[in-house]
Amino acid sequence: MTVNSIPALTSETRLEADAVGLMAGWGDYPVVVARSLKKQGYRVIGVGIKGHANSALAQECDEFTMGPIGKVGMAIRFFKQHNVQHITFAGKIHKVKLFKKFAWLDYIPDRASLRMFYDFMIAKKKDRKDDTFLLAFVQLFERHGVAVLPATHFAPELLMKQGNLTGTKLTKSQQLDIQFGWKLAKQMGGLNVGQTVVVKNQAVLAVEAVEGTDLCIQRAGELCKQGGFTVVKVAKPQQDSRFDVPAIGVGTLETIKRAGGNCLAIEAGHTIIINEADVAQFARKNKITVVALKEGQLEEESGQRDAA
């Protein structure tokens, strides 16, 4: 579901505010966004999600605090204390932690988030799909007068452009696997299950669910000891750009290497790439083909070849 309660902004539009809030999850993405905000002259007010965000992020922010995911009211008060009217989300929330023993201790809600967490955890009126859960967070902030904007508004250069990052030509088998996996990944994204599918010889080895991309790839490697598989990662058909935008980095390729894969296909213009130069260097060194494609691109190229 895509919600359009926030006016559309272009990457050239600057907010009429000196401070932007950063709600930070796991990974390097929050650090990259914080640095981009600083370069643009904003004061960065960060709130790290306990058990996810790296405490080193504090060095990138003008003000920083860490808190449990259930204490959204604390985050709202911290942002308002520093005159923040707009925030952005960056970094992954590991949903698998929801199912760990005593996980509920981090999800005891404060007053501001009581109803939201009650609906999810106690009454179970809502499912725990990524979009359902994260959209509830967005709406909670907005009800308290804090608007949520896409992180890519502040760092649009992180969206991967169309092209072959490694210059290695796709084999016919890889092209067929990408075409096959792309359709399935889009279907899984539409169902809000996951955004990654691992394929070999047009057979599905693994589909991402609550475990996340890395464990999905790892499972594929355990099931396919001969390796040589393709990982396809795409945006959801109705991707809300404010959260859960697909992202890759060197860590993704390290996982593919360990598992035995040799190809990664992502969706151009809709996938965040962290430290692109490092990703390209690692991919070339380890002979992993990385391509960013548009929807239906391989089918169009195949049709053109057939017509010729």
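## A short tour

With a relative accessible area of 6%, Ala280 is buried. Keep in mind that this is a predicted model. Ala280 sits in helix H9, which covers residues 276-285. Leaving out residues up to four places away in sequence, Ala280 touches Leu165 and Thr166. Leu253 is 27 residues away from Ala280 in sequence, and their C-alpha atoms are 9.8 Å apart.

Next up are two helices. Helix H6 runs over residues 172-190, and its 19 residues should span 27 Å at 1.5 Å a residue; the C-alpha atoms at its ends are 27 Å apart, so the two values agree. Buried residues of H6 include Gln174, Ile178, Trp182 and Lys186. Helix H1 takes in residues 29-39, and its buried residues include Tyr29, Val32, Val33 and Leu37. The buried residues of H1 pack against several partners, among them strand S1 (19-24), strand S2 (43-49) and helix H5 (151-154). After H1 comes Gly41, with a positive phi near 90°.

What follows H6? That would be Asn192, with a positive phi near 65°. Asn192 is a residue other than glycine, and its place is the loop between H6 and strand S7 (196-200). Asn192 counts as buried because its relative accessibility is 11%, where the cut-off is under 20%. Asn201 also isn't a glycine, and has a positive phi of about 55°. You'll find Asn201 in the loop between S7 and S8, and at 53% relative accessible area Asn201 is exposed.

Now for the charged side chains. Side chains of opposite charge can pair when their charged atoms come close. How many salt bridges does a search of the whole structure find? The count is eight. Here are three of them:

| Pair | N to O distance |
|---|---|
| Lys38 and Asp62 | 2.8 Å |
| Glu267 and Lys186 | 2.8 Å |
| Lys186 and Glu295 | 3.7 Å |

Lys186 counts as buried at 13% relative accessibility, whereas Glu295 is partly exposed at 49%. Salt bridges with shared partners also tie Glu142, Asp240 and Arg242 into one network.

Back to the other two rows. The side chains of Glu267 and Lys186 meet in a salt bridge, with Glu267 in strand S11 (residues 263-267) and Lys186 in helix H6, 81 residues apart. Glu267 counts as buried, at 6% relative accessibility. As for Lys38 and Asp62, their side chains form a salt bridge too, with Lys38 in helix H1 and Asp62 in the loop between S2 and strand S3 (63-67), 24 residues apart. Lys38 is partly exposed at 38% relative accessible area, and Asp62 is partly exposed at 32%.

Glu208 is another story: Glu208 is buried yet has no salt bridge, and the nearest side chain of opposite charge, Lys233, is 4.1 Å away. The reason is the cut-off: a salt bridge needs the nitrogen and the carboxyl oxygen within 4 Å. Glu208 is found in the loop between strand S8 (203-207) and helix H7 (213-223). A polar atom of the Glu208 side chain lies 3.1 Å from the backbone nitrogen of Gln195. Beyond its neighbours within four places in sequence, Glu208 contacts residues including Val193, Thr213 and Cys216.

Finally, the cysteines. Cys216 is buried, with a relative accessible area of 0%, and Cys263 is buried at 0% as well. A search of the whole structure finds zero disulfides.

Terms used: Residues are numbered from 1 along each chain as its sequence is written. This is a predicted model: local features need pLDDT of at least 70, side-chain atom pairs count only at pLDDT 80 or more; totals for chains, interfaces and linings use all residues. Side-chain values use heavy atoms; hydrogens and water are left out. A disulfide is a pair of cysteine sulfur atoms within 2.5 Å. Buried means under 20% relative accessible area, exposed over 50%, partly exposed in between (1.4 Å probe, protein chains only). Helices (H or I, at least four residues) and strands (E, at least two) are DSSP runs, numbered from the N terminus. The expected span of a helix is 1.5 Å times one less than its number of residues. Lys and Arg count as positive and Asp and Glu as negative; His and the chain ends are not counted. A polar contact is a pair of N or O atoms within 3.5 Å; within protein, one must be able to donate a hydrogen and the other to accept it, and residues adjacent in sequence count only if both atoms are side-chain atoms. Contact means heavy atoms within 4.5 Å.
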